[in-house]
Amino acid sequence: MATVNEPSAASSTPAAAPALFAPALKEEGRLLLRMGIGKPLIARAMLAAQSHGTTVEAELLASSEIEETIYFEALAEMLGLDFLPEIDPVRVQDIAGLDIQLLRPETLRMHHPSRPPVTIIVPSLTRLKDVAALLERTPLLRQSLAASSPSAVRAAVWQAGRLRRVSTTTRSLFETGPLHSARITFWGKQGFYAGILLSSLLVMAVTLPMLGLMMLHVVLSLFYLANFLVRFYALGCAFRQERAPARLPQELPEAPLPVYSVLVALYKEKSVAEQLVDALNRIDWPRSRLDIKLVCEEDDLETIAALEAMRLAPEYEIVRVPVHLPRTKPKALTYALPGVRGAFVTVYDAEDRMHPGQLREAYAAFRAAPSRVICLQAPLIVTNARQSWLSALFAVEYAGLFRGLLPMLSLTRLPLPLGGTSNHFRTAELKQIGGWDPYNMTEDADLGLRLHRLGYRSQVIFKPTFEEAPITLPIWLGQRTRWFKGWLQTWLVLMRRPAQLRREIGWLAFSVFQVLIAGMLLSSLCHPVILGFLVYLGWAMVQDGTHVDNWLTFWLFVCDVVNIFGSYAVFIALGLNRMTKREKRAVGWRWAFVPIYWLIMSWAAWRALLELRTSPFSWNKTPHVAVGATGDH
């Protein structure tokens, strides 16, 4: 029998407050007493069940004060059934509907080549009497039944359906919605148009070089100016937000909270595994209503071993993703999506330290928002700005993006290019649209824009997630190259049918999309060119003296000055405006390196353009280390 050494106390019995508990909870309490579980533990579980709208059994198992295998073995003994602590997945057929057992592990059919099949059930207190009565009426049924635990059933189902599931993951979006998939880089006539454009540029460079340079200069200047104006408007919104009255925290209802799922994709993250679990353990949400899935590549034995060595709490589950191309984070997340049990789901990265109250804020925001708002983005804050000039400017960039630009886009109901972590979703709608694109290197931005074109909306919340920025150039360059490659993919995917996209999202959103994605890509690729134009025009004007006959040269020079130095200034101002005094001290004077930062961004963009041709689906992994005692937060 399952026993827990608890002191007996009459005042702690379930019957001590007969008016306090519902009859179903009292019945569960009596059954648990018969199993030899201590009265104080039962009383605590009954109080939690009453508060959370769950069962005494669920609260008891979530408390970690009783071992799941021992508990379900005791239930099997009460029913007179054989108990299987583990289930051989080879003996489980991957039939239609098998993945339902990932959500509600109740029954599973186990086959044998020379014996009749056995039906495995997961007994529960609420159904115990009904199952016992059935076995009493038909005792021969015991020969074809066995009992197991929910974890054992889920583990067997994950393994039995692994090949079918990973194949579906990599094919589903491309087959059901090819317009939204980045599996094909140039779709339809895009390759033809790209070839025509490149050929035209080459012909013009040979035959009419000055005219070609002038046209290129004008186009780049307009994109730069549009990008500058969008961020300048975001800066104005940030100043208005500072003067606005403080936002009062939203109160959660008295009703029980729903199950909330957390997905974390890990690959070669042994060094931060303990830090991650510690951060997840701090989440302010009932443990019986949490569903945390740590999604690992099945050949990443070191990370899996590090997680298993920590003896994770019952709300955790390690999901092993079969080795299958492409090996990307979005593929891992989409693979785990069929097993997500929560009404809401959030995504975190391995190095994240999320605010404990972020889930509660997200749930309150979902309740207050219209039903078509299915995604919320929490801000990301870099905590190691002191470590290098790269991390300092990364911190400025993130502050401007997540606490300046994205709130402005949310306020104006424009599409949000999401960040790669701390996204919160309504699970049903996320599953309905197929989850993440496994072939896109910035699955976050792609998904945010896809949601908008499908008629859904995204908003922002305010409780942050803290993470570390790269501090060395090779690591920063690899990460940024992956991001630029993904943004290129995203732009190509959305521009497969430009007229259709414009009809779906409207002229304003279409224009802002071009500025934020195409403008950012073009300005990054051509930043050295614009600097070259600025230097050349300045030299030409000095040579001609103060009198300038060519008015176009003069105005292009003025435009270049505004674009370059204005863009630098708004980049710095937008970021520093949203930072705390402590963050600003951590950045210090290193904002002065912004020109160099933008030049290496151009380097990363050119690398991404090359990789898009040679290795479009290679994932440049960013290594992480646990936060030391010198962190800024």
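Of the 633 residues in this predicted model, 54% count as buried, that is, under 20% relative accessible area with a 1.4 Å probe and protein chains only, whereas exposed means over 50% and partly exposed lies in between. Residues are numbered from 1 along each chain as its sequence is written. The model being predicted, local features need pLDDT of at least 70 and side-chain atom pairs count only at pLDDT 80 or more, while totals for chains, interfaces and linings use all residues; side-chain values use heavy atoms, leaving out hydrogens and water.

As for the overall picture, the C-alpha trace spans about 105 × 55 × 45 Å along its principal axes. The secondary structure comes to 23 helices and 14 strands, taken as DSSP runs numbered from the N terminus (helices H or I, at least four residues; strands E, at least two). Among contacts (heavy atoms within 4.5 Å) with a separation of 6 or more, 80% join residues 24 or more positions apart.

Helix H14, residues 358-368, is mostly covered, with eight of its 11 residues buried. Among them are Leu-359, Tyr-363 and Phe-366, along with Gln-358 and Glu-361.

Tyr-398 sits in helix H15, residues 389-411, and counts as buried at 8% relative accessibility. Setting aside neighbours within four places in sequence, Tyr-398 touches Leu-380, Val-382, Arg-403, Glu-467 and Trp-483. Ser-271, by contrast, is 127 residues from Tyr-398 in sequence and 24 Å away in space, C-alpha to C-alpha.
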